Amino acid sequence: MAKKKQFVTAAAAFAVAASAVAPAITADAASTTVQLSSDYVRGGDLDAALDKEYKGSEIYWYKSSVDMNKLGVFQTAKGFVKGQGIRVEKKLRVLNHAQDIQPEEIVLEEGVPASGLRIQPVLFADGVKYNKVVTYKGFSTEKAGEFEGTFTYSNKAFGVVTKTVKYKVVKSEVEISNVSSSVDQAAEVLSVTADVKNLKDGEKVELVVYPGKDMSATPIKADATVKDGKLTVSQKLPAGTHSFQLVSGEVKSAVVDFTIEAPMVKEVKAINAKELTITFNKAIKKDTIINSNNELINASLTAVGSATALVGPLKASLSEDGQTVTVTATTAFKGQYAVTVQDAVKSVNEKAVKAYSAIVNAEDTVRPMVESVTYSNYQTAVIKFSEPLKSLGTISANNADIQFGSLSADGKSVTVDLANANVKADTDYKVTIIGGKDFNDNLITPNPVEVTVKKSANDTVKPAVTALSTVNDKTFTMTFSEKLIANPTIKVNGDTVVTGAPGANQVEGTITKDASGLVYTVTLTNSVITSGTSALAKIEATYSDLSGNAGDAFSRIVEFKQDTVAPNLVNSTVEKINGKEYLVLNYDENVSVVDAKTINGKVVKDFVESTITPVVTDTVDGGNGVNFELNNPSNGKSKSVRLDLASLTSGAYTLTLPTGLVTDEAGVDSKQTTVSFTRTTNVDTGKPALTTAGTNGITKVNNDTYTVSFDRQLDPASALNVANYAIEGAVVKSAIFTQNDANGAVVRLTLEEGSIKLTGERTVTIQNVKSAAGVMMDRVSTTESLTENVKPTVASTQFVGLNAIKVVFSENIAAGTVDNSVVAANDFEVLIGDVAEVGATIAEDLTDTTGKTFTITLADDVTPAEYAKTITLKAGTGLNVTDESGNALVFTSASVAK
């Protein structure tokens, strides 16, 4: 705006000056505009296309009125005749012309004549760069440095453009400097950086590694990346002390030594009285140091001197990076311990760890403290501690409706339940812990400690369904924007998806979520499609996020299509699983095994080919056919199946897998295909181990009976020896097999009646059990929640009225297990003499809050003659009374006291 204002002022001044030396111009003359002959602007020379004067007077042109980049159309150039008050206009058409020379970075080599400069990109008015021949001067390569030269493009039709540019002259030899290196011992990778100068096109720099520092040996080479003068290169290498240098042609950096460490223990330390860590320099293969029961193997800790003894197998966990094993004591670490790690421990690269032994001192003098308060959802706080606590002490809150959980299994946290409606949202509450102790009896600090918890209502963002897709005719997935507080309620065509037999307005199916917690897979038992190959279905969902925010009701109509694509066999392998060989078949989608399918084939043994006895699949464990099952299923699903090869002798096999050997989730049969493999022999050299039945291998049958499941066939003498099963606070009366075959063994343990006085968690120790091949199991110590098995009895019976008998049991009776009438075939019968009373009823005496007392009311008052007879309470033919733990009442009859 300032410039425009300045121009107006200048124009006015010019007019005043002109009026002083020239006659005044009339109004008509002042408004005269003269149209001059049109022309073309050639070669970008605007001046050449504009007239210099009009009738002997000089013309001043406003050149800004012509856009030199606007090609192919006529534009109006405007000006005025100086001193005449006459405006002039001229139609001009700008022709394409050169505007600028725009070379890329120019780097020349010292002492080498300049070349490749004659063709340069020239920018034209049409916005296009054209490679054109130019002339140049001022380019010298006599010495290295940065200089300036000029390019000129000259063309009669397109004009003349000159450009001054900078260029570099570099020394002809590559320079490598500032070489630096580092070794990632966990990944076994050497990384090198450096500065590089004078590297020309086509030249490269290599990392050259001399294994064992032997420069006469075949080196390991890797090409380096050089960008903007910075070099980077990395190479994975074997363990050992080696040397390296950077090489480019004849240019070489200095030789540098470095070491790739073999797998080894770097440090062992007790971090508190409950936990000890073993740190390795590389990621360790988990199953070589931790077994399937999460117990430490191939390493040991032994108490030295007066140190606290370590009882039973030690639990262990592996860090995410695979380099640190945290060992948890069953009791506590206190004193000195001899730590050994065997070379059976391997890195993830299957390399043996160097055997290790050391003495570690465990003296925990650090008091535990509250580490943090987090929230698993908007109404559940989690108080986390700096180390495992042995005792939480006393925990309380300044709101009686706040509830607390017990210490977590690892002793490192406790939950705070804020769900009660009397706990207000967005209000701070104080939780106090006093007397909490770690496993060395160090009190929590500060003691008492206070933390603040809050039921948050800050999260007001609603969750949403972000994706819905169909998989086949009965499966679809729903993806949510955030985690949900519970499984969503999902409807298909108005029917709610439920597990098990559906009721009204329900449809049978399953809902599972993936590891992210965002994707839910819905699998219906029956297809959505009733006819044809596709069908539309309306999908609805209601759901809430972890903060209780309800998402908007979701509803969408989607198309389900029939899956007609057969599952495809990707590959097959022979694997030894617990010493038994299986043919493992891997498909490209989840499949189900099919029963009674016949597999034919041939075998070559001792150079003789013969036809095999057909193999018939059997999907039932212990069936008459060949065991055929899913391999490593997750949630009952797998893309892999396995066929037991026990019926086949060793040799080279070619089997024809029949059509429909497996089916996919849509029921589409697999196609016939052929597989070849070599069968060796089954050798069960593995130790017996508990399966995951009941999570820890122990399953409750009833209060008196539990089963122990093993992963292989067992030696009967050791498996049925009750001395090999120790249950804290209980007596094992007998042990029998319910299964003992190639698929595993199940031992049923019967406990002595009444030996479990209180319900609670007990230590279970199983040891000295051998496999059928005679291999001894590792001692297993686990815990199991046992239910008290003391059976209730009738403690007393007494007449308390002319028609009332009070019955007192030895303990609380479970609600609903006492019939409401005393008649034959029910719980009790009342006999007066030998005559059974008819119409008597029984009900709980609510004045006794223990739940032990009941009153039997007779239909009529007893007469003196009846009262004189023996009155007996007998067990009815339908007696099913139990205590609150489910133990059945022990009772036959009792005389009623008078």
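Predicted model: local features only at pLDDT ≥ 70, side-chain atom pairs only at ≥ 80, totals over all residues.
Residues are numbered from 1 along each chain as its sequence is written, and side-chain values rest on heavy atoms, with hydrogens and water left out.

Strands (E, at least two residues) and helices (H or I, at least four) are DSSP runs numbered from the N terminus. Lys274 is located in the loop between strand E22 (265-270) and strand E23 (275-280). Lys274 is buried, where buried denotes under 20% relative accessible area, exposed over 50%, and partly exposed the range in between (1.4 Å probe, protein chains only). No salt bridge is formed by Lys274, a salt bridge being a side-chain nitrogen of Lys or Arg within 4 Å of a carboxyl oxygen of Asp or Glu. The nearest side chain of opposite charge, Glu275, is 9.2 Å away; in this assignment Lys and Arg count as positive and Asp and Glu as negative, while His and the chain ends are not counted. The side chain of Lys274 instead reaches the backbone oxygen of Thr331 at 3.2 Å. Apart from neighbours within four places in sequence, the contacts of Lys274 (heavy atoms within 4.5 Å) include Val327, Thr331, Phe333, Pro388 and Phe439.

Most residues other than glycine have a negative phi, and most peptide bonds are trans. A cis peptide bond, with omega of about -10°, joins Thr445 and Pro446, and the bond from Asn447 to Pro448 is likewise cis, with omega near 0°. Pro446 belongs to the loop between strand E36 (437-438) and strand E37 (449-453), and Pro448 is placed in the loop between E36 and E37 as well. Positive phi values occur at Asn505, near 55°, and at Asn768, about 65°. Asn505 lies in the loop between strand E41 (495-498) and strand E42 (506-513) and is exposed, with a relative accessible area of 59%. Asn768, in the loop between strand E62 (760-766) and strand E63 (780-786), is partly exposed at 40%.

Strand E38 runs antiparallel to strand E39 (residues 475-480), to which five bridges join it; Thr470 stands opposite Phe476 in E39.

Side chains of opposite charge can pair when their charged atoms come close. The whole structure contains 25 salt bridges. One of these connects Lys82 and Glu58, with the closest N and O atoms 3.3 Å apart. Lys82 is in the loop between strand E4 (74-81) and strand E5 (86-94), and Glu58 is in strand E3 (residues 57-62), 24 residues apart. Glu105 and Lys168 meet in a salt bridge at 3.5 Å, N to O, and this pair is 63 residues apart. Glu105 is exposed at 62% relative accessibility, whereas Lys168 is partly exposed at 34%. In the salt bridge of Asp704 with Lys791, the closest N and O atoms are 2.9 Å apart; the two residues are 87 residues apart, and Asp704 is buried at 15% relative accessibility. Salt bridges with shared partners also join Glu188, Lys236, Lys282 and Lys351 into one network.

Key: Polar contact = N/O pair within 3.5 Å; in protein donor to acceptor, adjacent residues only side chain to side chain. Pairing = 2+ DSSP bridges.
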